[in-house]
Amino acid sequence: MKITAIETVLIGAPTPGCGLLSNRNYFILRLHTDEGICGLGEATVESHDDSLLGILKDLEDLIIGFDPLQPNRLVQHLLRKRFWKGGVLKASIISGIELACWDIIGKHANKPVYELLGGAVRDKLRVYANGWTGGATDPAIIRDKAHEAMAAGYRAFKFSIALAGWPMHDRELVRKIAKATATVREAIGPDAPLCFDGHGRYDAKLALQVAEVLEDYDVMFFEEPVQPENEEGMAEVAARCRLPIASGERLTRPQEFRRLFEKRAIAVAQPDLAHCHGIGEGCKVAHIAEAFDGFVAPHCPMSPLLLAISLHLDAVAPNFLIQERLFQPDWRGNILNNPMKVEDGFLPLPQGAGWGVELNEELVAQHPRIVAGSPSLFRIDGSIADW
């Protein structure tokens, strides 16, 4: 079998809310083959669509004519034949191609991908909602949004507070986080898993102050308390707080995860299968986590396609913890031909060959590419903060 063409499908997906969440284009790749089998993958990187298109053009000659039934070999060609192995943008294009190959493999074998990876070790998949607040910081709005997500079947939640605080010793910011966390915990009840995403906005000392207030509300894990490349700072936070630390959405290679586990900096790995060179490398990350008695909780605030893909890793990883899903009660949740429904905090195992899903072409055509962007957070002195 040979790859004959690469098709890109960009779906404009503005995010509802108060403007503190990013608008994006879902960057979908469809591989065509000489046997008529097509495969879907995703390579979404917010606000970098033209860069992705350029990288795909640079790599196209290595992809066309290749056998899609050999994704491991193709990934090595794309990594090594151009000398520059690349950062997250190149890794995302490689991810999208690799994922599309696996969809083709599953369709060729007429089996779900997870069956080709050794078979499922669980019957259903625990999921948490992200993005459900719409970026709100007002407690009354947060309370209403929590009730809406619970009515949609979610029983676990993650939230973040996108405020332009000072990167160290900001007591006002800590008080606002404490107030918001108390509001969420009150709304969802004492037993619902609750996670907090720091988005790498703090230094280690401020992250520890934030962790201290989060501990009072029984938070399941503290995500990206510091920037992911600050391995020593993350290790300091992990050593001095009682919360499990999670990270990985901005990492692309297994070696990066290994270093964090070696330093006891994280307990939960969060590979994003649209960024980490695909599901093959994602499985390696899960194995590394397992070797350190850690867990895997794939990052996925992207399209429902990437969610469907991530469920195949969740199905086979013995140390799977919980799956992220962007709360999408509008049209975005319906871009697949069989939309996934959360029932009492779980999603079912995927069914059907490959990923088990196809695009809803009619709906996709109604949402062309948009001008994407992330919010800008400015401190009162005019300096820009990490979003």
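Predicted model: local features only at pLDDT ≥ 70, side-chain atom pairs only at ≥ 80, totals over all residues.

Visitor: Okay, and is Cys241 buried or exposed?

Guide: Cys241 counts as buried, because its relative accessibility is 9% and the cut-off is under 20%.

Visitor: How many disulfides does the structure hold?

Guide: The count is 0. Take Cys38: the nearest cysteine sulfur is in Cys101, 12 Å away, and Cys38 is in no disulfide. Cys38 counts as partly exposed, with a relative accessibility of 24%.

Visitor: Back to Cys195. Which way does it point from strand 6?

Guide: Cys195 and Asp197 point one way from strand 6 (residues 194-197), while Leu194 and Phe196 point the other way, and all are buried.

Visitor: What does strand 6 pair with?

Guide: Strand 5 (residues 157-159) runs parallel to it, joined by 3 bridges. Strand 7 (residues 222-223) is parallel to strand 6 too, with 2 bridges. Phe196 stands opposite Phe159 and also opposite Phe222 in strand 7.

Visitor: And which helices go with those strands?

Guide: Helix 6 (residues 171-188) makes a right-handed β-α-β unit with strands 5 and 6. Helix 7 (residues 204-215) makes a right-handed unit with strands 6 and 7.

Visitor: New topic: what does the side chain of Glu231 join up with?

Guide: Glu231, in helix 8 (residues 231-240), has a 2.7 Å side-chain polar contact with Lys263. Glu231 counts as buried, at 10% relative accessibility.

Terms used
Residues numbered from 1 in each chain as written. Heavy atoms only, no water. Helix = DSSP H or I, 4+ residues; strand = E, 2+ residues; numbered from the N terminus. Buried < 20%, exposed > 50% of the residue type's maximum accessible area, 1.4 Å probe, protein only. Polar contact = N/O pair within 3.5 Å; in protein donor to acceptor, adjacent residues only side chain to side chain. Disulfide = S-S within 2.5 Å. Pairing = 2+ DSSP bridges. Right-handed = clockwise from strand over helix to strand, strands pointing away.
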